[in-house]
Amino acid sequence: NLTENDFSPPFHEGSAQLAWMDDEIKNCDSKWIFFFTHVNILSTGFHAQWSENQKKFVLPLLEKYAEQGKHILVIGGHEHNFEHLYKNGINHIRAGAANVILRDQYTLKDMPYSRFFKNTPGYSTFDIEDDGNRVVLQARDTSGAVFYSAQFDARENCKPALWLTEP
């Protein structure tokens, strides 16, 4: 019987992996921290059902530093769609996939954080302005047409003032 620890270092309280990550984020002096992960930390997609350790240990660590003013963009993969989620100062982007096998929303416990979901193959670009203050996201379909865009500005508080989760 194989476990998660057979494939990657463990993320749990007191683990070397989590301590290393904490130290790297704490000592980072960049305007932006791009945090890449295979299985998304937040997602309404099918594979989000496997992100419980990330939600339990990695997400609070990232949120702690976002609260302290670090600008963090989490970019994940694994799902076959595009999604932008937001929670506690952190934008979570699933940048899309050029895969023709598409999946709808499935894991709905993260639905309150979903700002935009599109079940389409495609890709995303992230452009950083010369001064590093603004990151512009453009999600594109396979023809290159933009179907979603967002701007993240290090000079502004990225937290929304109001969230509606139901009509």
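**Aromatic pairs, salt bridges and nonpolar cores**

The model is predicted, so local features need pLDDT of at least 70 and side-chain atom pairs count only at pLDDT 80 or more, while totals for chains, interfaces and linings use all residues. Residues are numbered from 1 along each chain as its sequence is written, and side-chain values use heavy atoms, with hydrogens and water left out.

The count of aromatic pairs comes to five (Phe, Tyr or six-membered Trp rings with centres within 6.5 Å; planes under 30 degrees apart are stacked, over 60 edge-to-face, the rest tilted). One of them joins F82 and F147. Their ring centres are 5.6 Å apart and their planes stand at 90 degrees, so this pair is edge-to-face. F82 lies in strand 3 (residues 82-87) and F147 in strand 8 (residues 146-153) (strands are DSSP runs of E, at least two residues; helices of H or I, at least four; both numbered from the N terminus). The pair therefore ties together parts that are 65 residues apart in sequence. F147 is partly exposed, at 21% relative accessible area.

F82 also pairs with Y148. Here the centres are 5.4 Å apart and the planes meet at 50 degrees, so the pair is tilted. Y148 lies in strand 8 and F82 in strand 3, so this pair links parts that are 66 residues apart in sequence. Y148 is buried, at 15%. Ring pairs join F82, F116, F147 and Y148 into a cluster.

The structure holds eight salt bridges (a Lys or Arg side-chain nitrogen within 4 Å of an Asp or Glu carboxyl oxygen). One of these connects E129 and R134, at 3.2 Å from N to O. E129 counts as partly exposed, at 33% relative accessibility. R134 also bridges to D153, with the closest N and O atoms 3.0 Å apart. R134 lies in strand 7 (residues 134-141) and D153 in strand 8, so this bridge ties together parts that are 19 residues apart in sequence. D153 counts as buried, at 5% relative accessibility. A salt bridge also forms between the side chains of D153 and R155, at 2.8 Å from N to O. Through shared partners, E129, R134, D153 and R155 form one network.

The largest nonpolar core has 19 residues (buried Ala, Val, Leu, Ile, Met, Phe, Trp, Tyr and Cys joined through side-chain atoms within 4.5 Å). F35, V58, L62 and I72 have the most contacts inside this core. Helix 1 (16-27), strand 1 (32-37), helix 2 and strand 2 (71-76) each supply at least two of its residues. Helix 2 gives the most, with seven. Beyond residues up to four places away in sequence, L62 touches I25, F35, I41, I72, V74 and I90. Another core, of eleven residues, lies apart; among its members are F82, A139, A150 and A154.

Helix 2 (residues 52-67) also holds Q54. Q54 is buried, with a relative accessible area of 14%. Neighbours within four places in sequence aside, Q54 is in contact (heavy atoms within 4.5 Å) with T37, V39, N40, I41, L59 and P60.

Conventions: Buried < 20%, exposed > 50% of the residue type's maximum accessible area, 1.4 Å probe, protein only.
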